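Take a look at the sequence and the fold below.

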Amino acid sequence: MSDKVYNVLFLCTGNSARSILAEKLLEHWGKGKFKTFSAGSFPNGKVNPFAIKTLENLRLSTNGLRSKSWDEFATADAPHLDFVFTVCDNAAGEVCPIWPGQPMTAHWGVEDPAAVEGSDEEKMAAFNKVTNMLQNRIKLFTAIPIANLDSVRIKHEIEAIGKIQDQSAS
């Protein structure tokens, strides 16, 4: 059994909703096994208020959350990353920085709840749907016995998680 704490970065374009939600969900469900971060290729500078409300509804801490650039994680003094997950299709198609240590990567794209137009209730419903999908994926990720698997198997597992569709939509 390994006591290693794995560093995980979630990426999205604006770093205001999906990547922020994923960061806090993994922090919660990873129970000290993971140190979590989020960033964006073109951060919009603020965390979406519906993302904050969603996290508060789940009783997860929102302290210290901020929208930041992925450039912060591509410097020599940045944390060594073990995993990098893109959670939006735009970030998955962009040319990412070269991450020190060559972390394992996978695409876990989910629809953008911040793009939903309509009432506050409709917007909250979109955030809840995305949060549930991310939470399901993160629970699967935390169940992977990383210390007991080779890198090929781990890569297969994390890529498969990103292909899982939302079961509640059917």
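In which sense do strand β1 and β3 pair, and over how many bridges? Strand β1 (residues 6–12) and β3 pair in the parallel sense, over four bridges. Two strands count as paired if DSSP finds at least two bridges between them. Helices (H or I, at least four residues) and strands (E, at least two) are DSSP runs, numbered from the N terminus.

This is a predicted model, in which local features need pLDDT of at least 70 and side-chain atom pairs count only at pLDDT 80 or more, while totals for chains, interfaces and linings use all residues. Residues are numbered from 1 along each chain as its sequence is written, and side-chain values use heavy atoms, with hydrogens and water left out.

Start with the overall plan. The protein has five helices and four strands. From the N terminus on, the order is β-α-β-α-β-α-β-α-α. Of its 170 residues, 46% count as buried. Buried means under 20% relative accessible area, exposed over 50%, and partly exposed in between (1.4 Å probe, protein chains only).

Now return to β3. In β3, Val8 has Phe83 as its bridge partner. β3 also pairs with β4, again in the parallel sense over four bridges. There, the partner of Thr86 in β4 is His107. Phe83 and Phe85 point one way from β3, Val84 and Thr86 the other way, and all are buried.

Next comes helix α5 (residues 151–162). Its twelve residues, at 1.5 Å a residue, should span 16 Å, and its end C-alpha atoms are 17 Å apart, which agrees. The expected span is 1.5 Å times one less than the number of residues. Ile154, Ile158, Ile161 and Gly162 are buried in α5. Seen down the axis, these buried residues fall within an arc of 105°, so they line one face of the helix. That arc is taken from the directions from the helix axis to the C-beta atoms. An α-helix has 3.6 residues a turn, so residues three or four places apart point the same way. The buried residues of α5 pack against β3, β4 (104–107) and α4 (120–143).

Finally, find Glu72. It sits in the loop between α2 (49–57) and β3 (83–86). Glu72 is partly exposed, with a relative accessible area of 35%. Beyond its neighbours within four places in sequence, Glu72 is in contact (heavy atoms within 4.5 Å) with Arg66 and Ala78. The C-alpha atoms of Glu72 and Gly40 are separated by 9.9 Å.
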